[in-house]
Amino acid sequence: QIGARESFDKLSSGGAARIPAANLTLPITGVYKKNTPTGKISLNWQASPTNFFYAFVANGYKGGGVNSANDFFGPEKVMDYEIGWKSRFLDNRVSTQIGAYYMNYRGMQQQVLNPLTTQSSVRNVGDAKVWGIEASAQARFGPLSLDAGLAYNKSKVGSITAVASYRLPGGFLGPQCASGAASNPPVCFDYGPYLVNLSGQANPYSPELTLNASIGYAIPLGKGTLTPRVQVQHTSSQFASIFQDTDYFLMKGYTTFDAFLRYENGPWQAELFGRNLANKTYVVGLINSAEYLGPRRTYGVRVSRKF
């Protein structure tokens, strides 16, 4: 589902026009190539039959690319440090997992306006740090099952300054004026007043808190088992952009409720499900003026067989 924060043109009911193949040109404007190794080093310790500890260091890599001829952006790299503990209690009726992480991003890729070319393109805007904890637990007491999870996430971008293009006047403004020259659109424009210092702000799409919990109860029925289960999920507010000097890019937090009714008999399983039962409207993405909404109330049936 797509909404809007501003008016925008929609496709006509007739659909998109066909483009003759002879008129469609996809020029190759540049080539980007780079080889970078990635890896992981871990240390595991089975302290007892019910307690397991781990730690690891890993690096990740997202390749660079080409915006246009002679306009390249470099790779995005991350170092990830994590420690954790997994355990079981009460005669293995309760299992818990908890972990902490710290990630150091370098060369974070974002699409921003280049004042010299007046084009919006992917750039390596700077560095960022992400840290937090994740915890989950599962409990089984006879037919009763309980599950819960929590994630607390903090992030901070480094020394980044970019043009807040959403605040610029309309029309073609021209490239950045030379030092000391006055704005004279469309010959040139002074983008200085529209530069925003982003240092210390959160990474895009990084909610501070996510929670989930569910409860189910298995009921013998015929030769199988009928298990009703309900669950709740919560995601706190987050920004859809590195620009957070306005609430325009803020996506509010939301809570959804689901319900399931599953019947299992030998290798067969059938489940009736209902998601977002409260029919909550919530935003999961924002690109320019378009809002991307999460699924509204949804019902369905799943049938599967194990082999």
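A polar contact here is a pair of N or O atoms within 3.5 Å; within protein, one must be able to donate a hydrogen and the other to accept it, and residues adjacent in sequence count only if both atoms are side-chain atoms. Glutamate 76 has one: its side chain reaches the backbone nitrogen of glutamine 109 at 2.8 Å. Keep in mind that this is a predicted model, where local features need pLDDT of at least 70, side-chain atom pairs count only at pLDDT 80 or more, and totals for chains, interfaces and linings use all residues. Residues are numbered from 1 along each chain as its sequence is written, and side-chain values use heavy atoms, with hydrogens and water left out.

**Around glutamate 76**

- Glutamate 76 sits in strand β6 (residues 76–89); strands (E, at least two residues) are DSSP runs, numbered from the N terminus.
- Glutamate 76 counts as buried because its relative accessibility is 12%, with buried meaning under 20% relative accessible area (1.4 Å probe, protein chains only).
- Leaving aside residues up to four places away in sequence, glutamate 76 touches several residues, including Tyr61, Tyr105, Arg106 and Met108; contact means heavy atoms within 4.5 Å.
- Lysine 62 is 14 residues from glutamate 76 in sequence, and their C-alpha atoms are 5.0 Å apart.

- β17 (residues 254–265) and β18 (residues 268–275) pair antiparallel over seven bridges; pairing takes at least two DSSP bridges between two strands.
- Glutamate 264 has glutamine 269 in β18 as its bridge partner.
- Two residues separate β17 and β18 in their hairpin, and glycine 266 in the turn has a positive phi of about 60 degrees.
- β18 also pairs antiparallel with β21 (residues 298–305), over eight bridges, and phenylalanine 273 has glycine 300 in β21 as its bridge partner.

Terms used:
Helices (H or I, at least four residues) and strands (E, at least two) are DSSP runs, numbered from the N terminus. Buried means under 20% relative accessible area, exposed over 50%, partly exposed in between (1.4 Å probe, protein chains only).
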